[in-house]
Amino acid sequence: MKHPTRTSRRTLLTLFGASLASAPLLNSPRAAALCAAAGLDDPAKKEIAMQLVSSAENSSLDWKAQYKYIEDIRDGRGYTAGIIGFCSGTGDMLDLVELYADRRPGNVLAPYLPALRRVNGTDSHDGLDPGFPRDWARAAQDQEFRRAQDHERDRVYFNPAVRQGRTDGLRVLGQFAYYDAIVMHGDGTDPTSFRNIRRRALNRSRPPARGGDEVTYLHAFLDARVWAMKQEEAHSDTSRVDTAQRVFLREGNLDLDPPLDWKVYGDSYHIG
């Protein structure tokens, strides 16, 4: 569920990680203490994050059942597949299949690499149909392919979101808000990318690391996120913010502590 781009997500997120490494140190003892606490990368919190994203991306809390998922949802990104919605038109699916080929030479998806390189940046299925969806599902039976999906999810989306959230002095909910935004919008240079959503929020409020109030800042970030979603018809339903993340924020549940109750697209979910 990312914006299409002809630049590889691997390149963009490498640059993003470099910018984080050069970011100023947190400028308040409170922000430093928050970042020392359990974050979204705590195993229990990460499991919650995977379930929350899956409720929005796949209408299910069973995120581990999504390794085999693949369809064209007609959003201009070609095929969307796997546990985080890797897309044939945005570069991250290509990166994933290249990694899988490195780890498992001669795998069932390797013959599609030339086609994936050709269709990158488009919604075309040229060279992928009719066999690619079937072979994706076959590959998902391989533990090495599932590990490759986990690796790319963490490298490209999860870890950068957690790092930036910690840098901004945000607790678990804020780190998740960043993660969900990167999953949907990527972190390119277009106005609705994660970095520009964050920039819009910073124009209105300061995060804890800059002496601001965390709740106020997160409302500003979610406002900016909703604006970005409404710029594109495929993302115009903002319930994954309005009746999920915003609910937790209004409850003051900044650490995403269960029980959690939320709705996405009108469907109710619960984590006890």
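Predicted model: local features only at pLDDT ≥ 70, side-chain atom pairs only at ≥ 80, totals over all residues.

Residues are numbered from 1 along each chain as its sequence is written, and side-chain values use heavy atoms, with hydrogens and water left out.

**Overall make-up**

- The chain has 11 helices and five strands, taken as DSSP runs numbered from the N terminus (helices H or I, at least four residues; strands E, at least two).
- Of the 272 residues in the chain, 57% are buried (under 20% relative accessible area, with exposed over 50% and partly exposed in between; 1.4 Å probe, protein chains only).
- Taking contacts (heavy atoms within 4.5 Å) between residues at least 6 apart in sequence, 63% join residues at least 24 apart.

**Helices H8 and H10**

- H8 (residues 172–185) packs on H10 (residues 214–229) at an angle of about 15°, and their axes are 11 Å apart; axes are lines fitted to C-alpha atoms, for helices over the stretch in contact, and angles run from 0 to 180 degrees between N-to-C directions.
- H8 and H10 are therefore roughly parallel to each other (angles under 35 degrees; over 145 is roughly antiparallel, 65 to 115 roughly perpendicular and the rest oblique).
- On the H8 side the contact is made by Gly174, Ala177, Tyr178, Asp180, Ala181, Met184 and His185, and on the H10 side by Tyr217, Leu218, Phe221, Leu222, Arg225, Ala228 and Met229.
- These contact residues comprise 10 nonpolar, two polar and two charged (Ala, Val, Leu, Ile, Met, Phe, Trp, Tyr, Cys and Pro count as nonpolar, Asp, Glu, Lys and Arg as charged, and the others, Gly among them, as polar).

- Leaving aside residues up to four places away in sequence, Phe221 touches Ala177, Tyr178, Ala181, Phe194, Ile197, Arg198 and Ala201.

- Val97 lies in helix H4 (residues 92–103) and is buried, with a relative accessible area of 0%.
- Leu109 is 12 residues from Val97 in sequence and 6.9 Å from Val97 in space, C-alpha to C-alpha.
- Ser54, in helix H3 (residues 43–57), is buried at a relative accessible area of 3%.
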